Amino acid sequence: MFGFCKDNNSGKKIRLTPFLVAACFVPAPCLANQADKTIFSIKESTIDSTHTALKSGSIDCVELIQSYLSRIKKYNFSLKRGAPVNAFVSLNPNALRQAKRLDSYFKQSGKLIGPLHCIPVALKDNIDTVDTPSTSGSLALLGSQPISNAFLVNKIRAAGGIIIGKAAMDEFASGGQGISGRSGRIGNVYDPDKNPGGSSGGSAVAVSANFAMLGIGTDNSGSVRVPAAFNGVYAIRPSTGLISNSGIFPRGKLDGVAGVIARSIPDLAIALAVIADTADPEDLMTRDVPRLDSYAKDLRTATLKGKRIGVVLSVAGHKIFDANDIPAMAIFTQVKTRLKRAGASLVEIKLPAFDTDRSNNMAGEVQDIDQYLGSFASTRKSYRDICLSERAIIGVQGCLGHIESTPSKYSPSYYQALETFEQNRSYVEGVMREDGIDALLMPLSAWRAPSYYSDVLLTATTLSPVASNAGLPAIALIGGWTPESPTMPVGFELIGYKYGEGDLIGLAHAYALKLPDRPLPDLEVADNPSPFAGVCLQGINHFITQAGWHGYNQFLRDSKNIEPAAYRRFFEQQMLDFVQENKQSLQSCE
């Protein structure tokens, strides 16, 4: 079986190697225009700076997206610093076509199509798109191609956003170490041998590495907030019901929400407004939810002066701070100092009556997943089918055991979870109102740099899940940076009132303005050019899938972890094999 892929610029057809698209190589000039034509730098760019450049003609949309794709090829697979960052499960082969359409629209109308015109977005692999498979980070769903976009994806594309690729994630959004059978292991952008956080690790790494301007992830117990903080960027977990869950693999649907990751608070606010602007008729939780037409319009006047921040000392008896952890307390002191200098007052509070029980939060998950898989020609027809595929890293028995132990939809446990959320929300907001508190402050981890420490690493979001178990909005912010080299970010979160995203974003922006510029991730490449410099996107996607499959067999059939040094050696051999096997195709494009 043979096929062809077509270069988006030249239109030239290039023959693929036999079966399953072994590779697709195109000459480097086909993938990027001459470098001297691209004046605009994508590093640390914002929506505003990008739109200014597009309007001035210093760059067009095709050139912009080409720049991002070239950067991904150069750094995503680099082994110079250790294991690869490996942020994607697939790149969007239609990205340049969509860019061309936006350029045509701008040329004809003289206007941008929407607030995300030509903004590249890294989309978590559990969110549906019609032009890339949705595998939820699992080999069990390899090849599953939805027939419609997720509701929020339609919003992004209507606003002009370009999904540049599907981001890697912990398998089925279960985990905090960036490991899956689909694509292997994600590396932290500041030190690829360290923990990227999860489960939305790929989205956070892509934004921090300047592979995309925005990331979209999903959050149950911190899966958007933690990887953002671990990779030195911002993220928001919105109130439950603000964002549609339609077209998202329904793992933990009761408390799961989609969230935005960005390098700046204004960008985060713009993106949130896009995906939250209307209710979804297919998602009952989005009805009767108050919405703002813009979460960014009042940022110029945002302030912390006169605001009261509640520092949460304990939740349900669990202490949040360890006074004996000197480095951690030093970071916390930095945060308090910034807040006070910006005019905020700090109030210490405790939440003894908060219910941290999350045992019922996945109630109805099995039925929701079965319904989702039956909505299109998925490679698996049910959750049980996933288990029996023997391609899930949880294992057949572990997977089947999860099915048996998960309460069903509309069971007493299902309604108990909803009641817990509402009681917690009422309790927390009552405490805040009684003390005149504008937002709560909590650490996202143990006030330590990203690592694999043994306390499940998410002290606040797992043991004290205030935002998650109350349906409240929370924003991940940077608390500080470790002094050693490489410097690593340490994060915390601000938690606000339900549907109070506008006020919360304003507080976050006022805080972020007092931060120094973040240290840029020190991305490096080997002396030799990247072996993927001239490979078209279909070829790269095939390589990722091939490496994921081999990695699953080598590391994950009998374990849930991948040691970074071993993965680096494995990945290097995978790249060598890939180039060797496709040498003839590469030579035919020279």
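**Charged pairs and nonpolar cores**

K409 is partly exposed, with 23% relative accessible area. Its salt-bridge partner is D368, with N and O atoms 2.7 Å apart. Keep in mind that this is a predicted model.

**The K409–D368 pair**
- D368 is buried, at a relative accessible area of 6%.
- K409 sits in the loop between α12 (396-405) and α13 (412-434), while D368 belongs to helix α10 (residues 365-373), so their pairing ties together parts 41 residues apart in sequence.

**Other salt bridges**
- The whole structure holds 18 salt bridges.
- One of them links E44 to R518, whose closest N and O atoms are 2.8 Å apart.
- E44 lies in the loop between α1 (28-31) and α2 (47-56), and R518 in the loop between α15 (501-512) and α16 (537-556), so this pair ties together parts that are 474 residues apart in sequence.
- E44 is partly exposed at 30% relative accessibility, whereas R518 is buried at 14%.
- R433 and E429 also form a salt bridge, with their closest N and O atoms 3.7 Å apart.
- These two residues, R433 and E429, are four residues apart in helix α13, so about one helical turn separates them.
- R433 is exposed at 55%, but E429 is buried at 4%.
- Shared partners join D219, R225, R237 and E493 into one salt-bridge network.

**Nonpolar cores**
- In soluble globular proteins, nonpolar side chains tend to be buried together.
- Here the largest nonpolar core has 144 residues, and W447 is among those with the most contacts inside it.
- Beyond its close sequence neighbours (within four places), W447 contacts residues including F321, F332 and F492.
- Another core, of 16 residues, lies apart from the largest one and includes F249 and L373.

How values were computed
Residues numbered from 1 in each chain as written. Predicted model: local features only at pLDDT ≥ 70, side-chain atom pairs only at ≥ 80, totals over all residues. Heavy atoms only, no water. Core = buried A, V, L, I, M, F, W, Y, C linked by side-chain atoms within 4.5 Å. Buried < 20%, exposed > 50% of the residue type's maximum accessible area, 1.4 Å probe, protein only. Contact = heavy atoms within 4.5 Å. Salt bridge = Lys/Arg side-chain N within 4 Å of Asp/Glu carboxyl O.
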